[in-house]
Amino acid sequence: MSHLHACHECDLLIDIGSISEGQVAGCPRCGCEVIRRKIDAIRRTKVVAISGLIFFVPAIFMPLMAMHAVGRANSASLLECVEILLQTELYFVALIVALTSIIAPLFKLTLTLYISCYFDTPVMQHPYYRKAVLIYHKIDSWEMLEVFMMGILVSIIKLQAMAVLTFGMGLVCFVGLLLCVVALRVTFDIEQIWERIHEH
């Protein structure tokens with residue numbers, strides 16, 4: 001079966017054929033890497049996606065950190081941050097934070113788990129499976145947990161001189177969630193998914 005791929009650098013169309021786990025296919029014209037078949041991608045993706053979903057609920061609902069100053073203490077979870085933005089009428093910012101830090105990561109973890117669990121099963125022939133892979137492509141670029149994490153780090157640096165900060169379990173789980181979402185980029189092999197859909 002023909003497996004045509006375009007080189008990312010020189011756009012040469014190459015019939016690579018099937019390659020095994022761990023193998024790398026390069027472009028014969030410019031020498032750049034075209035495909036790298038990831039090792040044990042399906043099993044590792046399932047483990048990472050399930051771990052991320054376990055971290056997701058406490059990361060969203062538990063306090064990220066608490067601030068103690070002039071006899072008062074305040075804490076907020078990620079969901080409460082969105083609520084505070086809405087209460088202060090920063091609707092667009094609230095929408096962006098909710099989309100990039102809550103909705104997109106949840107969809108990404110759920111879709112990768114669904115796609116991995118039904119890999120190499122008759123479900124791959126169903127139009128919904130192909131639709132799920134297409135939605136993953138669209139949602140992938142909207143997940144930006146790293147940006148929110150940078151905001152937390154900047155807040156810690158700025159506030160530590162003015163107040164006593166204590167870190168909640170929500171922050172620990174948020175870091176775990178962030179690491180799982182980043183790990184998906186390493187484990188999830190979307191090329192392998194498309195090839196197998198084509199073969200079915």
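Student: What follows helix 2, and what is said of its phi?

Tutor: Helix 2 is followed by E89, whose phi is positive, near 65°; a helix here is a DSSP run of H or I with at least four residues, a strand is a run of E with at least two, and both are numbered from the N terminus. This is a predicted model, in which local features need pLDDT of at least 70 and side-chain atom pairs count only at pLDDT 80 or more, while totals for chains, interfaces and linings use all residues. Residues are numbered from 1 along each chain as its sequence is written, and side-chain values use heavy atoms, leaving out hydrogens and water.

Student: Why is F92 called exposed?

Tutor: F92, which lies in helix 3, has 60% relative accessibility, so it counts as exposed, since that term needs over 50%, whereas buried means under 20% and partly exposed lies in between (1.4 Å probe, protein chains only).

Student: Which residues of helix 2 are buried, and how do you know where they lie on the helix?

Tutor: In helix 2, residues 78-87, the buried ones are L78, V82 and L85. Seen down the helix axis, they fall within an arc of 60°, so they line one face; the arc is taken from the directions from the axis to the C-beta atoms.

Student: What makes a set of residues a nonpolar core, and which members touch the most others in the largest one?

Tutor: Such a core joins buried Ala, Val, Leu, Ile, Met, Phe, Trp, Tyr and Cys residues through side-chain atoms within 4.5 Å. The largest has 28 residues, of which L78, F148, I152, F174 and L177 touch the most other members, and its largest share, eight residues, comes from helix 6.
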